[in-house]
Amino acid sequence: MSDEITARTLWTGDYYNEGSGKEGLFDKLKEECGVFGVYRHSDAASLAYYGLHALQHRGEESAGICVSSGDEFHYHRGMGLVKEVFNKDLMASLTGDIAIGHVRYSTSGDSKLTNAQPLVFKYRDGDLAVATNGNIVNALQIRHELEQGGSIFQTTSDTEVVAHLIARSSKDLVEAAKDALKRIVGGFAFLIMTNDKLLVASDPNGLRPLTMGRLGDAYLFASESCALETIGAELLRDIEPGELLVLDKNGLHEDRYSEGKHRKALCAMEYIYFARPDSDLNGANLHAARKRMGSQMALEAFVDADLVTGVPDSSISAAIGYAEQTGIPYELGMIKNKYTGRTFIQPSQELREQGVKMKLSAVRRVVEGKRVIMIDDSIVRGTTSRRIVNMLRDAGALEVHVRITSPPFKNPCFYGIDTPDRRELIASSKTVEEIREEINADSLYFMSAEGLIAAVGGYNEEDYKGGLCLACFDNDYPTQVDFKGEEKLGCSC
């Protein structure tokens, strides 16, 4: 696919990333989704708004908030960024002390308003709202069973599967939710709200992150701790794999729905790329973990050079770690333009062909005549790495040595990351040397899996693979992923 076509696919609708799918100027892994929940706070909607704003990096396509006043739901969803979807008048209408919110990057369901979350339903006991981050691998199989039993689906998002399973059960909400969660396979973090209850659940392997905090007497839940920090809440802990929390008039009740032994497997890409550097996961700060990745990379693959630079923004921490370990100066060799991510103006064909330069620029006076070590977090198709290497060379870099703080990305993700077909993953068919030639680098090195596990830290040493899911690197999936052709890739958000 030519760079021209790849660039053009970003502008497929009214705004930059509407339904852009798997293609783009940057062949990065696409963000997942983010959830935020509030229980018993008089200004629940505002807290949810600011929480979602802090989680915006996890989904830029749609946003929604649903609030319960006890008697009824008040909710609004829209396409676009949080600040575009909500205004002062809308926020004033969202009254209540229980709220769940969602930011979405569409990967599985279609890019349209009906799939924006939280999904809201009427069922026998009143109102039900559901928001999730992740993917239900066996959603298609369950959906077919439900449709054969008479269920009518309103969306193409498989998050709706859980709502149908709950609604069809004759048990009370908590037991129905437990049964529903036991049936689904995948990586997920759920917030389920009724008129007077909030249920919070994590998948049995803890693949998707979910944290709990407190603000006064209110409990808060977020995909990342940075959202809790934003509103001044105290971080209490991570939600444990297989845990189900029930919040109602009797307070907080800690329960479990999963049975048996499940391997802990938090997505490694959260540490490498997705989560904000000011977030904490499993007691480890992301910025510090990424610095350790850079330091470990220097120990594994030192190369003499004049400066170290990181591809903004996720690789800057690792670049600093590499520089500190080697004594080679860290420099801002590249600058990211933060204001081209979304635009209502169709760029000219000439600007489309500029491709990566619309979002990333080399600082010529910094890299010109220098041997540059370029730190990045991953290589997916290889097109972005080639563009960036060539951009640095065009700016006068004498040498460009690429260091990637993850192992080669060879396998698709079934748990909520939007990944291309395996055949499009460059590392699945090419050697490291062949990839080096493809991206036009002077040298190339990928972080070892052992080095990554050691760098992340903050885990129980008895945990298999450090408590991380490395399936995208080693094809060792922590759950069943084959459901006779009815398994799902992508994200159910």
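S314 is buried, with a relative accessible area of 15%; buried means under 20% relative accessible area, exposed over 50%, and partly exposed in between, using a 1.4 Å probe and protein chains only. The structure is a predicted model, in which local features need pLDDT of at least 70 and side-chain atom pairs count only at pLDDT 80 or more, while totals for chains, interfaces and linings use all residues. Residues are numbered from 1 along each chain as its sequence is written, and side-chain values use heavy atoms, with hydrogens and water left out.

S314 lies in the loop between β17 (307-310) and α11 (316-326). Helices (H or I, at least four residues) and strands (E, at least two) are DSSP runs, numbered from the N terminus. Once neighbours within four places in sequence are set aside, S314 is in contact with I272, Y273, R290 and D377, where contact means heavy atoms within 4.5 Å.

For D377 in that list there is also a polar contact: the side chains of S314 and D377 are joined at 2.4 Å. A polar contact is a pair of N or O atoms within 3.5 Å; within protein, one must be able to donate a hydrogen and the other to accept it, and residues adjacent in sequence count only if both atoms are side-chain atoms. D377 sits in the loop between β20 (371-376) and α14 (383-394). D377 is buried, with a relative accessible area of 1%.

The UniProt record, an unreviewed entry, places the feature "binding site" at S314, D376 and D377. These positions are spread over 64 residues of sequence but cluster in space, the largest C-alpha distance being 7.8 Å. UniProt positions are given in the numbering used here, feature names are shortened, and annotations may be inferred rather than shown by experiment.

Another loop position is T194, between β7 (186-193) and β8 (198-202). T194 is buried as well, at a relative accessible area of 8%. Not counting residues up to four places away in sequence, T194 touches S68, F73, Y123, D127, L128 and L173.

For the chain as a whole, the secondary structure comes to 17 helices and 23 strands. Of its 493 residues, 60% count as buried. Among contacts between residues at least 6 apart in sequence, 70% join residues at least 24 apart. The accessible surface comes to about 19100 Å², and carbon and sulfur atoms account for 47% of it; accessible areas come from the Shrake-Rupley method with a 1.4 Å probe, and for residues only the protein chains shown count as cover.
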